[in-house]
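Hello,

Here is the structure I promised to pass on to you.

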Amino acid sequence: APAGAVYLPSRNGYAVAGAVLEAHAGQPFEEVVRRRLLRPAGMVSATFDPQRHRLYAQGTSPSGAAVAPERFPCRGARPAAGLLASAAHLGRLLEV
């Protein structure tokens with residue numbers, strides 16, 4: 001397909017942006033996001049730690065079995081999809 005004809009999202013871009021943010025701030029991505037975005041938005045229970053997943057809806061497999069969220073094995077992938085937050089808290093991002 002010609003350039004621009006197909007939308008194809010890339011998680012790699014988020015990983016690069018997270019690495020740049022860490023390098024610039026001199027702190028882990030998670031801490032920068034927590035301090036600069038989540039706390040000011042009132043998203044105090046949003047987390048990158050799946051051990052706190054009990055606060056959120058439980059995912060299920062096609063068979064209906066519960067599936068617990070897992071920490072991404074690669075820290076670089078967390079900016080792409082590592083945040084766990086309630087729907088109400090995600091809605092607050094629209095207000096920021």
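Below is what I found, with the cut-offs given as they come up.

A word on the basis: this is a predicted model, in which local features need pLDDT of at least 70 and side-chain atom pairs count only at pLDDT 80 or more, while totals for chains, interfaces and linings use all residues. Residues are numbered from 1 along each chain as its sequence is written, and side-chain values use heavy atoms, with hydrogens and water left out.

Let me start with helix H2, residues 29-38. Helices (H or I, at least four residues) and strands (E, at least two) are DSSP runs, numbered from the N terminus. The buried residues of H2 are Phe29, Glu30, Val32, Val33 and Leu38; buried means under 20% relative accessible area, exposed over 50%, and partly exposed in between, with a 1.4 Å probe and protein chains only. These residues lie on the same side of H2, because they cover an arc of only 160° around the axis (taken from the directions from the helix axis to the C-beta atoms). Their cover includes helix H1 (11-25) and helix H3 (78-81).

H2 also holds Glu31 and Arg34, whose side chains meet in a salt bridge at 3.0 Å, N to O. That is the one salt bridge in the structure, defined as a side-chain nitrogen of Lys or Arg within 4 Å of a carboxyl oxygen of Asp or Glu. Glu31 and Arg34 are separated by about one helical turn, because they are three residues apart in H2. Glu31 is partly exposed at 25% relative accessibility, and Arg34 is partly exposed at 26%.

Which residues form the one aromatic pair? They are Phe29 and Phe48, edge-to-face, with 5.6 Å centre to centre and 75° between the planes. (Rings of Phe, Tyr and Trp, the last by its six-membered ring, pair if their centres lie within 6.5 Å; planes under 30 degrees apart count as stacked, over 60 as edge-to-face and the rest as tilted.) The pair links distant parts of the chain, with Phe29 in H2 and Phe48 in the loop between H2 and strand E1 (59-60), 19 residues apart. Both Phe29 and Phe48 are buried.

Lastly, Ala65 sits in the loop between E1 and strand E2 (66-67) and is partly exposed, at 38% relative accessibility. Apart from its neighbours within four places in sequence, Ala65 is in contact (heavy atoms within 4.5 Å) with Gly59 and Thr60.

Best wishes
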